[in-house]
Amino acid sequence: MSNSMILGIGALLALACGGAAANPQPAHYDIAILGGRVIDPETGLDAIRNVGIRGDRIVAVAEAAMTATTVIDASGRVVSPGFIDLHAHGQTVLAARMQALDGVTTALELEAGVLPVEDFYAQRADQGRPINYGTAVNWASARIAVLMNKSPQADISWFMQQFSNPAWQSRLATEPEVEQMAKLVQEGLDQGALGVGFLLGYAPGTGRKEYYRMTQLAARNSVPTFTHARFLSMLEPDSSFEGTQEIIATAAGTGAQVHIVHLNSISLRDIGIVSSMIAGARERGVRVTTEAYPYGAGSTGIGAAMFRGPDWRERIGGVTAGSFDVDGERLSEDELARLQREAPGTQTVLHFLDTTNPRDQQLLDQAVLFSGGVIASDGGDWTVAGEPLPPATWPLPEGAWSHPRSAGTFARFLRQYVREQKSLTLLAAIERITFGPAAIMQESAPQLRQKGRIQPGADADIVVFDLARITDNATYATPAQPSGGIDYVLVNGELLVAEGRLDTAVMPGRPMRNERR
C-alpha cells in the first residue's frame, strides 16, 4: 500500500470521527494557566503563553489552546517561577504562610543553618510545610557544642539564647576542638545540609585558620558556604571591608563556592568599595555570590557581639539607642542597656540607613542592584509582646511583630525597582528572585535544577501576580500585613494561594537537600 493511500485512509477515518485530525482537540491538563505574561529567566522568554501542568510538573508552555480540570485566567498578569529565598530564618508554618503570600515557594535557612540537621528535616516532615524548605549546617552551633559542652537544638531561638555567654564568641579553638567541630559539620552535611552557614559576625574572635579549615571542608563536600562577615564597621581595623576580604581570600584559597549574605547591611555606608571588591573577585574567577534585601534596616539579637565594645556605635555609623526598635517602638538608652544585659536574645530592628534621605536610598540601591546579585529576605519568625506565636497560628494577629521583610521583601522589590524606579526590566528582576537563587544552589542541590523556571519539565512552583498592583503592605510599625497583588501561588503543582487567599489545608512543601543525601 502506498504512502498516499495510507494518508487518504487516515483522512477518511478522521472525517468519520468528526474531523479530529483536521481540528485536533486542545490538550487537557490538571491545571492550565491561560493568557498570562510568562517569564522564564533561563531562556529569556517574556511573552503571552499558556502553561499546562500535570501532577507536580509543568509539561507545556505554548500558544496553543489548553483545557484543564482547573483553569486560571492570567490575562493581564505575570506568570513567574515561584520566588526562592536563600535567607529565611522564619522556618515555622506561620512564617512560611506569610512568605507564600509574598510569592515565595522555597525558603531556605542558609546563613545560620541548624544543628542537628536531621532534627530539622524530621520535624518539618512530621508537621508539613506549605512551601519548600531546607537548611545549611550551623558552624556556630557546632562551636558552641564543642567549646561550651552543650547539646545544640535545631532551632534558631536556641542559638539566640547563647548570646548571653560570650566565651564561644571570642576564644580561639584548639586543634582538637577544631577537629570536633569539623566532625559535627560533616555529620550535618551527611544528613543533607545544603551548605555550611558561617555566622562569623557573631563569633568575631574565631581563628582565621578555623574558618579556612571549615571552608576547605565545604569545598571537599562540593557545597557552598554562606557567611555573615566577621565585622560590622566602617572604621579600620576590623572593618566590614576587611571582613569581606577574608571571605574572598578564603574562597580563592580553597576553591569553595562562597555566598556573602546581606550586602546592604553588612557594608553599612561602604557599599561602594565593598561591592567593587566583590565584583573584581568575580571577574577574576573567584566563586563568590551575594544578596541584598530592599530595606535600610536589619534585625538581630540585641546582645550580639557587634553591639559590644567601647566604640561599637561609631563603627556602625554613629547609631544611638533610638536607631533600635523592639515591637515597633524605638528604644531609650536605659531600655537598650537593660535588654542587652537581661535579655540579649531579644529581636531588634536596627535602622542603619534612612531611606527617606535620597543619598541613603542610593546606597541601598547599589546593593540591591549589584550585578549578578540576588534578593533574599533575611526574614524571621513572628512574636507578640516578645513571645513566639504558636506555629499553627492563622491568620496572623494584627499586633504580631517581625521585621517587615518577613512579610513583604519580594513584593517590595518588584514594586520599587520595576514598577516605580524602572531600574530593572521585569525579566531581569524575576531572574534575581527565581533562577538566580536556583543557579547558586543547583550544583550541590539537585532539586533546585527544576526550580526557578517556567518550562516543560520544571517543577510547578509558580506565582501569578499583577505588576500594576503588587506591593508590600508591611511596615516597621505594623509589619503583620501580607503583600498585595499576588493572586495565585502553586507549590509542586498544588494551589496554595488562589485569588489572594491562602489555603491552610494544603502542605505541598518538600525538603531540599544536598546531592550527597
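Predicted model: local features only at pLDDT ≥ 70, side-chain atom pairs only at ≥ 80, totals over all residues.

Me: Great. What is the strand order in the open sheet of 8 strands?

Reply: The order is S6-S7-S8-S9-S10-S11-S12-S17, with parallel pairing. Strands (E, at least two residues) and helices (H or I, at least four) are DSSP runs, numbered from the N terminus, and two strands pair if DSSP finds at least two bridges between them.

Me: Which strands stand at the edges?

Reply: S6 (83-85) and S17 (374-375); each has a single partner strand, so one side of each lacks a neighbour in the sheet.

Me: How many bridges link S7 and S8?

Reply: There are 5, joining residues 104-114 of S7 to residues 132-138 of S8 in the parallel sense. Alanine 107 has tyrosine 133 in S8 as its bridge partner.

Me: Switching to helices, which strands does H15 lie across?

Reply: H15 (residues 405-420) lies across S6, S7 and S17, at about 120° to S6. Axes are lines fitted to C-alpha atoms, for helices over the stretch in contact, and angles run from 0 to 180 degrees between N-to-C directions.

Me: And where does proline 391 lie?

Reply: In the loop between strand S19 (387-388) and H15. Leaving aside neighbours within four places in sequence, proline 391 is in contact (heavy atoms within 4.5 Å) with Thr92, Val93 and Leu94.

Key. Residues numbered from 1 in each chain as written. Heavy atoms only, no water.
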